[in-house]
Amino acid sequence: MLEKLPGAIGHALHDVRAGLDAIVFNTLGLRQGTGSISVTSLAFADHAPLPPRYTADGEGLSPPVQWTGVPSNAASLVLVVEDADSPTPHPLVHAIAVDLPAGDGALAEAALASTDTPGTGVHTGRNSYLQAAWLPPDPPPGHGVHRYAFQLFALDAAPTFSQAPGRDEVFDALRAHALASGLLIGTCERPDGSIKIDEAAPVGPVIAG
């Protein structure tokens, strides 16, 4: 969708970003001493680019994510994925998954529903486009690198979430029940596409005539 925006718009908005400080992981205010969960992916390293397969430039599948170090007294897990660099007042929510089983585990590739994929039945909340699905990264051309925060939280209870909970509902549950958290960052950048390769000046001498 955003790949068709003129690169000039991305450049103009380059410094307009929600900010990493505004993601759930950094605004929740977990109690000092809460546990740390290790969140990783077989598809990308921390702070490394997401393969196109998982973005709007590819199949748009949700990537595989796995975790270890969940506290033994956890009752459920919640995953929230946000774009910390969206040119919006608040981070753009790309996915919410609730009622995940407690304990070390994983979400397989395409576990979350997306445009052409039904998912595997994970209880999914609303993204910022009000869809209960994975919203593939789709940064504006020329806006620079976007950081996508995969945030996992362990809860000491299993709250009764609505059918498709939004960020505010999930945030309130986390504030009341979060025991531990973990963070994995994947990046995505769409260069300014206003000058196409086949439109560039030819290499070599130009023959007049």
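Visitor: Which residues line the largest cavity, and what makes a residue part of a lining?

Guide: The largest cavity is lined by Ser62, Pro63, Val65, Leu79, Val81, Leu107, Ala108, Ala111, Leu112, Trp134 and Phe150. A cavity is a set of points, on a 1 Å grid over the protein atoms alone, where a 1.4 Å probe fits but cannot get out, and a lining residue has an atom within 4 Å of such a point. This is a predicted model, in which local features need pLDDT of at least 70 and side-chain atom pairs count only at pLDDT 80 or more, while totals for chains, interfaces and linings use all residues. Residues are numbered from 1 along each chain as its sequence is written, and side-chain values use heavy atoms, with hydrogens and water left out.

Visitor: What makes phenylalanine 44 and phenylalanine 150 an aromatic pair, and which kind of pair is it?

Guide: Rings of Phe, Tyr and Trp (its six-membered ring) pair if their centres lie within 6.5 Å, and the count by this rule comes to 2 aromatic pairs. Phenylalanine 44 and phenylalanine 150 are 5.5 Å apart, centre to centre, with 45 degrees between the planes. Planes under 30 degrees apart count as stacked, over 60 as edge-to-face and the rest as tilted, and therefore this pair is called tilted. The two residues are 106 residues apart in the chain, with phenylalanine 44 in the loop between strand S2 (38–40) and strand S3 (48–49) and phenylalanine 150 in strand S9. Helices (H or I, at least four residues) and strands (E, at least two) are DSSP runs, numbered from the N terminus. Together with Trp134, Phe44 and Phe150 form one aromatic cluster.

Visitor: Why is threonine 117 placed in its class, and what does threonine 117 touch?

Guide: Threonine 117 has 16% relative accessibility, and therefore counts as buried. Its place is the loop between strand S7 (105–107) and strand S8 (123–124), and it touches Leu61 and Ala110, leaving out residues up to four places away in sequence. A contact means heavy atoms within 4.5 Å.

Visitor: What makes a group of residues a nonpolar core, and which members of the largest one touch the most others?

Guide: A nonpolar core is a set of buried Ala, Val, Leu, Ile, Met, Phe, Trp, Tyr and Cys residues joined through side-chain atoms within 4.5 Å. The largest core has 26 residues, of which Ile37, Trp67, Leu100, Phe150 and Leu152 touch the most other members. A second, separate core has 15 residues, including Val80, Ile96, Val98 and Phe153.

Visitor: Why are glycine 35 and glycine 182 given their classes?

Guide: Glycine 35, in strand S1 (residues 35–36), has a relative accessible area of 29%, so it is partly exposed. Glycine 182, in strand S10, has 2%, so it is buried.

Visitor: What is noted about the phi of leucine 130, and why is leucine 130 called buried or exposed?

Guide: Leucine 130 has a positive phi of about 65 degrees although it is not a glycine. Most residues other than glycine have a negative phi. Leucine 130 lies in the loop between S8 and S9, and its relative accessible area is 66%, so it is exposed.

Key. On a 1 Å grid over the protein atoms alone, a cavity is a set of points where a 1.4 Å probe fits but cannot get out, and a pocket is an open set with protein on both sides within 12 Å along at least five of seven lines; lining residues have an atom within 4 Å of a point. Buried means under 20% relative accessible area, exposed over 50%, partly exposed in between (1.4 Å probe, protein chains only).
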